[in-house]
Amino acid sequence: TSQTPLFLKFTTTQKNNSLASLKKKFHKMPQIITKLIKQKSRQPTSTRKEIAFGLRALAQSNVIQLMWTGISYFDGKYYTISKRDVDARRMSPLDTHKISSNDINKEKNINFPLHAYLHQKTGKECCVLIHNQNASWLAAQNWIENALPPWDCNCAMFARPGEVAEVKVPYILENLDDIGKIEKHNYELNSETKLAILPNRAIAVFGHSINHAVMRSIYLNFAIETMRNIVSTGRENARLAEPKELLDQNYVWDTNPLFSNANHEMNILKKAMDLPLWWDRVDLTEYSDDNLDEMSLLAAVSIPPDTEIATVGGTILTKPTKHTVRLATKVHLHMTDGGGAADSVFTRLNHSFNPNVLARPNPQKECITFRALRAIDAGEKLTFEVESSEKGPSAVNLQKITTEVSRSHLKVVK
């Protein structure tokens with residue numbers, strides 16, 4: 001009809017892509033749309049969690065050898081970038097910075113201006129900055145100009161002219177105001193660039209999503225290993241892919257969802273990772289206001305009653321702090337997720353007087369276990385009850401929990 005039904009206007013406002021696509025077929029499938037409207041939409045995984053998973057995947061694939069490898073993502077308004085001082089194998093979503101594009105020059109993180117510049121020049125959403133032996137070797141090869149030699153299928157991904165560019169920037173780009181001084185040297189860096197060679201013996205790989213850029217980085221690492229072996233035996237004897245073969249290979253790389261979305265490969269890597277129990281059960285959602293570090297936790301999947309969501313350990317202190325959990329007298333747990341984050345993601349668990357999660361301290365094992373009090377739908381915010389008769393800031397998020405009581409709520413003490 002010419003007028004959009006009220007319920008379709010409502011769901012479109014919520015940017016429900018599945019319903020928007022079904023809207024065109026409304027006259028054929030009204031029962032499907034009605035069913036979808038009754039379901040709660042699952043919130044997307046936060047960029048912070050995707051970056052953490054991407055770093056873990058790079059570590060699992062032996063791409064990361066030093067702490068300097070990082071991932072950045074630009075959504076058109078905000079940059080999110082991984083921290084440098086973390087163990088990538090235990091990367092937490094909180095091991096990330098987030099900053100508005102208007103505040104790049106105010107940020108003290110030395111990686112932000114370079115990442116912002118690379119995003120702006122290529123127009124790509126994701127950038128992976130790699131520092132390892134292979135990256136240093138590639139950056140030192142002055143015979144490589146605007147493409148890699150098409151020696152194998154992995155090299156072929158970067159073998160078309162213009163897919164490789166050398167970027168000339170200061171060793172440390174302190175702010176974006178310096179771009180005018182270097183712009184004339186970087187005319188080759190554009191939307192066709194997949195791989196940039198940087199002056200500090202690092203390389204940058206670009207993609208339209210985090211998974212895409214991470215898998216390109218893994219394939220590139222394989223390609224460089226091949227190149228190093230061939231060069232060591234004499235590259236003049238190497239067989240190059242025919243132009244049609246190169247075209248066919250890149251058509252598969254760029255259009256086949258198996259490779260362009262990289263979900264299949266990432267799932268293979270995921271099976272070998274040492275992920276915490278909560279990883280597939282909890283998502284993070286970020287607020288759209290100016291408080292970029294304010295987050296809440298959501299159920300990533302439907303969770304049955306009394307299901308363990310997570311068991312979290314950390315550092316034991318004798319005195320409480322703002323983010324400790326009281327396990328027993330003079331036993332306070334500062335929850336962490338490993339990596340480099342100072343806090344666990346469960347410090348972002350908000351309280352409610354109608355909770356769906358119970359926090360159960362275990363002083364003997366120096367940890368706290370979170371269990372579902374009832375069935376929890378995918379996409380539902382995870383909360384627990386805070387009850388306190390004390391004055392002062394004793395009921396802020398997950399603070400100073402004591403023990404479980406007979407009713408389904410928690411008691412908090414100062």
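T311 stands opposite T369 in β16. This is a predicted model, in which local features need pLDDT of at least 70 and side-chain atom pairs count only at pLDDT 80 or more, while totals for chains, interfaces and linings use all residues. Residues are numbered from 1 along each chain as its sequence is written, and side-chain values use heavy atoms, leaving out hydrogens and water.

Strand β10 pairs with β16 (residues 367-372) in the antiparallel sense over 4 bridges; strands are DSSP runs of E with at least two residues, helices runs of H or I with at least four, numbered from the N terminus, and pairing requires at least two DSSP bridges. The open sheet has 3 strands in the order β10-β16-β15, with antiparallel pairing. Because β10 (308-312) and β15 (357-362) each have a single partner strand, one side of each is left without a neighbour in the sheet.

Turning to the helices, the axes (lines fitted to C-alpha atoms over the stretch in contact, with angles from 0 to 180 degrees between N-to-C directions) of α9 (residues 210-233) and α12 (residues 263-272) come within 10 Å and cross at roughly 70°. Helix α9 is therefore roughly perpendicular to α12 (65 to 115 degrees). Contact, meaning heavy atoms within 4.5 Å, involves N211, V214, M215, I218 and Y219 of α9 and N263, E265, M266 and L269 of α12.

Finally, H334 lies in strand β13 (residues 331-335). H334 is buried, with a relative accessible area of 18% (buried means under 20%, using a 1.4 Å probe and protein chains only). Residues touched by H334 include G313, T321, H323 and A342.

Methods: Parallel < 35°, antiparallel > 145°, perpendicular 65-115°, else oblique. Buried < 20%, exposed > 50% of the residue type's maximum accessible area, 1.4 Å probe, protein only. Lists of a residue's contacts leave out its neighbours within four places in sequence.
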